[in-house]
Amino acid sequence: MMRDQATIVDFLGASLKGLEASGRAVLSPNEQELADDLASKLDQELATMVQELEAIASCQQDNPVIEGLDELPPFEAFCVGLKRIGDALLPHLAEEFRLFCNEKHMPPVSFQWVLRARADAFVAYLLQIAQVHGLAFDETLERVGKSEQIALAHLGADLRARMQAELDAFL
């Protein structure tokens, strides 16, 4: 069960602490109110995304159907599946950010840190899913070995590149 694992809230807290340490600009009261509203909106989206992922994971399908992954070992195929999820949901989160900024006439670059914290937390969450649940897809594995570590490294790099591409779109 995921009870002993870090939650998306834990990952978000760690991401926000990292941003604070990097010297984020001080906001005016009006800017802070907008940032709080944006954070609340993106937190709701993030919670929905995580709930849907957990609902899918709890179905425990015997053979996940993703075309073209038959030739990969189960753990690597699971990582590829998580990459596809990230490739779909990170742009969704960025689009929600874009829509909010447009609606409130906010400059996206000034509030990009709000999106970065949520996207970074989501990437960390997907990596945790890979580590915790990935072994369940291969009954022959008892722990993460060299090839699984490589698959995790590729997944992390791919998800972070996708996250950065979404953030760079606002520059």
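Q: Among contacts in the chain between residues at least 6 apart in sequence, what percentage join residues at least 24 apart?
A: This is a predicted model, in which local features need pLDDT of at least 70, side-chain atom pairs count only at pLDDT 80 or more, and totals for chains, interfaces and linings use all residues. Residues are numbered from 1 along each chain as its sequence is written, and side-chain values use heavy atoms, with hydrogens and water left out. Contact means heavy atoms within 4.5 Å. For pairs at least 6 apart in sequence, the share of contacts that join residues at least 24 apart is 86%.

Q: What pattern does the chain follow, read along the sequence?
A: Helices (H or I, at least four residues) and strands (E, at least two) are DSSP runs, numbered from the N terminus. The chain has 5 helices and 0 strands. Along the sequence the pattern is therefore α-α-α-α-α.

Q: What percentage of the 171 residues count as buried?
A: Buried means under 20% relative accessible area, exposed over 50%, and partly exposed in between (1.4 Å probe, protein chains only). By that cut-off, the buried part of the 171 residues is 37%.

Q: Which residues is Leu38 in contact with, leaving aside its neighbours within four places in sequence?
A: Leu38 is one of the residues that touch the most other members of the largest nonpolar core. With neighbours within four places set aside, the contacts of Leu38 are Phe97, Phe100, Met106, Phe111 and Val114.

Q: Are H4 and H5 roughly parallel or roughly antiparallel to each other?
A: Axes are lines fitted to C-alpha atoms, for helices over the stretch in contact, and angles run from 0 to 180 degrees between N-to-C directions. The axes of H4 and H5 come within 10 Å and cross at roughly 160°. Angles under 35 degrees count as roughly parallel, over 145 as roughly antiparallel, 65 to 115 as roughly perpendicular and the rest as oblique. H4 and H5 are therefore roughly antiparallel.

Q: Which residues does Glu166 touch, not counting residues up to four places away in sequence?
A: Glu166 lies in helix H5 (residues 146–168). Its relative accessible area is 13%, so Glu166 is buried. Beyond four places in sequence, Glu166 touches Leu90, Pro91 and Ala94.

Q: How many disulfides are there?
A: A disulfide is a pair of cysteine sulfur atoms within 2.5 Å. Cys79 is buried at 4% relative accessible area, and Cys101 counts as buried at 1%. By the sulfur rule, the number of disulfides is 0.

Q: Is His105 buried or exposed?
A: His105 sits in the loop between H3 and H4. Its phi is near 55°, a positive value in a residue other than glycine. Because its relative accessibility is 73%, His105 counts as exposed.

Q: What distance separates the C-alpha atoms of Pro73 and Ser147?
A: Pro73 is in the loop between helix H2 (29–58) and helix H3 (74–104). With a relative accessible area of 37%, Pro73 is partly exposed. Pro73 and Ser147 are 74 residues apart along the chain, and their C-alpha atoms are separated by 9.6 Å.

Technical notes: A nonpolar core is a set of buried Ala, Val, Leu, Ile, Met, Phe, Trp, Tyr and Cys residues joined through side-chain atoms within 4.5 Å.
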